[in-house]
Amino acid sequence: MAQLTLDHVTKVFDDNGTDIVAVDDVNIDLADGEFLVLVGPSGCGKSTTLRMVAGLESVTSGDIRLGDRVINDASPRDRDIAMVFQSYALYPHMTVRENMSFGLEESTDLSNDEISRKVTETAEMLDIGELLDRKPRELSGGQRQRVALGRAIVRDPEVFLMDEPLSNLDAKLRSGMRTELQRLQENLGVTTMYVTHDQTEAMTMGDRIAILDDGKLQQVATPLEAYHQPANQFVAGFIGDPSMNFFRMEVRDDRLVGDEFAYPISQRTRESIGGTEHVTLGIRPEDIELVSDADGDHDYETVVDVVEPMGNENNVYLNFSADSATTFVATIGGMRSVEAGQPVVARIPESAIHLFDAESGEALQNRTLDELEDTEPQL
Ligand code: ATP
């Protein structure tokens with residue numbers, strides 16, 4: 001087991017004479033045994049980052065270290081790293097047993113007996129002990145995924161790298177495997193870097209998540225920090241489903257003024273904004289309250305545009321007026337009934353708003369967390 005460090009790592013591809021900066025000066029430190037999820041939209045540089053750590057792609061500049069050892073130039077097999085791919089990459093003509101033992105035969109001098117014992121033990125742990133003599137085509141997607149994992153586990157590596165390993169599974173199996181993988185990683189205690197574009201996987205699986213956009217690292221934080229205290233508007237919009245609502249506002253003394261509404265602000269909020277003239281106001285859908293009468297400074301008359309019933313909750317899309325172009329979404333309990341066309345009052349509490357510099361996207365103020373800490377569990 002080991003600490004994995006990415007120190008100012010950059011990757012530039014040459015595309016017929018044009019430079020493509022796929023990974024731009026990324027710094028990430030994974031503690032020994034940590035599960036870090038690398039997340040971001042398509043093309044943001046996740047796979048390239050992982051492939052550089054695996055040794056499948058060269059590093060243009062910066063260092064990748066395993067413990068104290070710089071591994072930039074080490075061949076993939078000298079890195080003591082095992083990778084699990086989205087495609088599983090199993091050998092179709094080999095049995096499960098052969099697929100799992102192949103790497104060990106190639107890269108270690110373990111005896112056949114030892115290899116056989118390791119493979120059997122790992123297969124038992126993954127609940128595929130019965131399938132050792134089958135070929136990949138005789139397995140379900142979930143079973144193939146376990147074999148791919150098993151092949152990585154038997155190698156007893158210092159680091160696991162996983163590139164969207166669950167994306168070929170159906171939703172139910174995926175959520176089961178999510179929990180199982182987490183448990184497995186925790187038991188094995190192997191430092192793991194896990195790539196996904198799925199923010200649910202990022203939120204639920206990682207000790208910490210690293211959010212990338214356009215090759216640049218946006219934030220490394222625990223899932224809850226990234227959710228409640230995003231470093232910038234990109235992170236705020238990427239984490240959370242439905243996404244945070246954003247409104248562009250002009251700062252005028254003690255209020256923010258937008259196209260459709262004005263928002264009075266306290267002294268504290270005013271101070272966080274400093275000299276910035278244009279801000280983006282963010283509010284998460286679950287922080288908007290729907291009430292029947294407007295009786296506060298942050299209550300707004302709206303009209304329900306569309307209701308999306310999710311069962312446990314309703315996503316209610318709102319407009320400030322029937323002919324307004326601005327739609328925003330509030331999440332309310334699934335048992336509350338609201339209908340399209342119905343007038344409702346949306347309350348946007350000041351304690352829950354986020355403010356971002358409209359130009360740079362940097363967070364100027366995040367929601368307060370006092371009320372989360374003070375809230376007694378409701379039984
Ligand atoms: P996805 O989620 O779609 O797999 P990703 O975040 O893993 O995306 P990468 O595959 O790392 O993204 O690609 C990052 C950028 O580098 C993209 O703009 C991609 O087009 C570019 N890129 C990747 N590989 C090469 C290559 N071999 N040559 C040129 N450009 C490349």
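Visitor: How do the residues lining the second largest pocket divide into nonpolar, polar and charged?

Guide: They divide into five nonpolar, three polar and five charged. Ala, Val, Leu, Ile, Met, Phe, Trp, Tyr, Cys and Pro count as nonpolar, Asp, Glu, Lys and Arg as charged, and the others, Gly among them, as polar. This is a predicted model: local features need pLDDT of at least 70, side-chain atom pairs pLDDT 80 or more, while totals for chains, interfaces and linings use all residues. Numbering starts from 1 along each chain as its sequence is written, and side-chain values use heavy atoms, without hydrogens and water.

Visitor: Which residues lie nearest the centre of the second largest pocket?

Guide: Arg248, Met249, Val257, Gly258 and Asp259, out of 13 lining residues. Strand β11, residues 245-252, gives the most, with six. The volume of this pocket is about 200 Å³.

Visitor: What is the volume of the largest pocket?

Guide: About 600 Å³. Its lining has 18 residues, and Ile81, Met83, Phe85, Gly103 and Arg155 are the closest to the centre. Eleven of the lining residues are nonpolar, three polar and four charged. The largest share, five residues, comes from α2. Strand β6 (81-84), α2 (96-107) and α4 (141-154) each supply at least two.

Visitor: What makes a space a cavity and not a pocket?

Guide: On a 1 Å grid over the protein atoms alone, a 1.4 Å probe fits in a cavity but cannot get out; a pocket is an open set with protein on both sides within 12 Å along at least five of seven lines, and lining residues have an atom within 4 Å of a point. The whole structure has one cavity of 30 Å³ or more. The largest cavity holds about 30 Å³.

Visitor: Which residues line the largest cavity?

Guide: Leu149, Ile153, Phe160, Met162, Leu181, Leu184, Gln185 and Leu188. Seven are nonpolar, one is polar and none is charged. Helix α5 (171-188) gives the largest share, four residues. Helix α4 and β7 (159-163) each supply at least two.

Visitor: Why are α4 and α5 called roughly parallel?

Guide: Their axes cross at roughly 15 degrees and come within 12 Å. Angles under 35 degrees count as roughly parallel. The two helices are therefore roughly parallel to each other.

Visitor: Which residues of α4 and α5 make the contact?

Guide: Contact means heavy atoms within 4.5 Å. Helix α4 brings Gly142, Gln145, Arg146, Leu149 and Ile153. Helix α5 brings Leu173, Met177, Glu180, Leu181, Leu184 and Leu188. Seven of the contact residues are nonpolar, two polar and two charged.

Key:
Grid points are joined across faces, edges and corners, and a volume is the space filled by probe spheres set on the points. Axes are lines fitted to C-alpha atoms, for helices over the stretch in contact, and angles run from 0 to 180 degrees between N-to-C directions. Angles under 35 degrees count as roughly parallel, over 145 as roughly antiparallel, 65 to 115 as roughly perpendicular and the rest as oblique.
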